[in-house]
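Please read the points below with the coordinates open beside you.

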Amino acid sequence: RWRVERFFAWLFNFRRTLVRHEHKAENYLAFFLLACMKIMLRYF
């Protein structure tokens with residue numbers, strides 16, 4: 001549970017994932033995945 005809550009807290013540090021400015025779902029998904037990769041690469 002802690003890992004999931006922490007992940008979402010880190011994810012919402014990226015402003016574009018918190019406030020959805022993109023009109024197309026593909027653009028939002030691409031930035032979301034980029035943010036996830038950046039968070040995960042911190043640990044490698």
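1. A residue is called buried here when its relative accessible area is under 20%, exposed when that area is over 50%, and partly exposed in between, with a 1.4 Å probe and protein chains only. This is a predicted model, in which local features need pLDDT of at least 70 and side-chain atom pairs count only at pLDDT 80 or more, while totals for chains, interfaces and linings use all residues. Residues are numbered from 1 along each chain as its sequence is written, and side-chain values use heavy atoms, with hydrogens and water left out.

2. Phe14, which sits in the loop between H1 and helix H2 (15-18), counts as buried because its relative accessible area is 17%. Its C-alpha atom is separated by 7.1 Å from that of Ala35, although the two residues are 21 residues apart along the chain. Phe32, a residue of helix H3, is partly exposed, with a relative accessible area of 25%. Between Phe32 and Leu11, also 21 residues apart in sequence, the C-alpha to C-alpha distance is 8.3 Å.

3. The protein chain has three helices and zero strands, where helices (H or I, at least four residues) and strands (E, at least two) are DSSP runs numbered from the N terminus. Of its 44 residues, 18% count as buried. The chain exposes about 4,000 Å², of which carbon and sulfur atoms supply 64%; these areas come from the Shrake-Rupley method with a 1.4 Å probe.

4. H3 has 17 residues and should span 24 Å at 1.5 Å a residue, which agrees with the 24 Å between its end C-alpha atoms; the expected span is 1.5 Å times one less than the number of residues. The buried residues of H3 are Ala35, Cys36 and Ile39. Seen down the helix axis, these buried residues fall within an arc of 100°, so they line one face of H3, the arc being that of the directions from the axis to the C-beta atoms. The face turned away from this buried side carries the exposed residues Glu26, Leu34, Lys38 and Leu41.

5. The largest pocket is lined by Trp2, Arg3, Arg6, Phe7, Trp10, Ile39, Met40 and Tyr43. The elements that give two or more residues to this lining are helix H1 (2-11) and helix H3 (25-41), and H1 supplies the largest share, five residues. A pocket here is an open set of points on a 1 Å grid, where a 1.4 Å probe fits, with protein on both sides within 12 Å along at least five of seven lines; lining residues have an atom within 4 Å of a point.

6. Which classes make up the lining of the largest pocket? Its residues divide into six nonpolar, no polar and two charged, with Arg among the charged types and Trp, Phe, Ile, Met and Tyr among the nonpolar ones.
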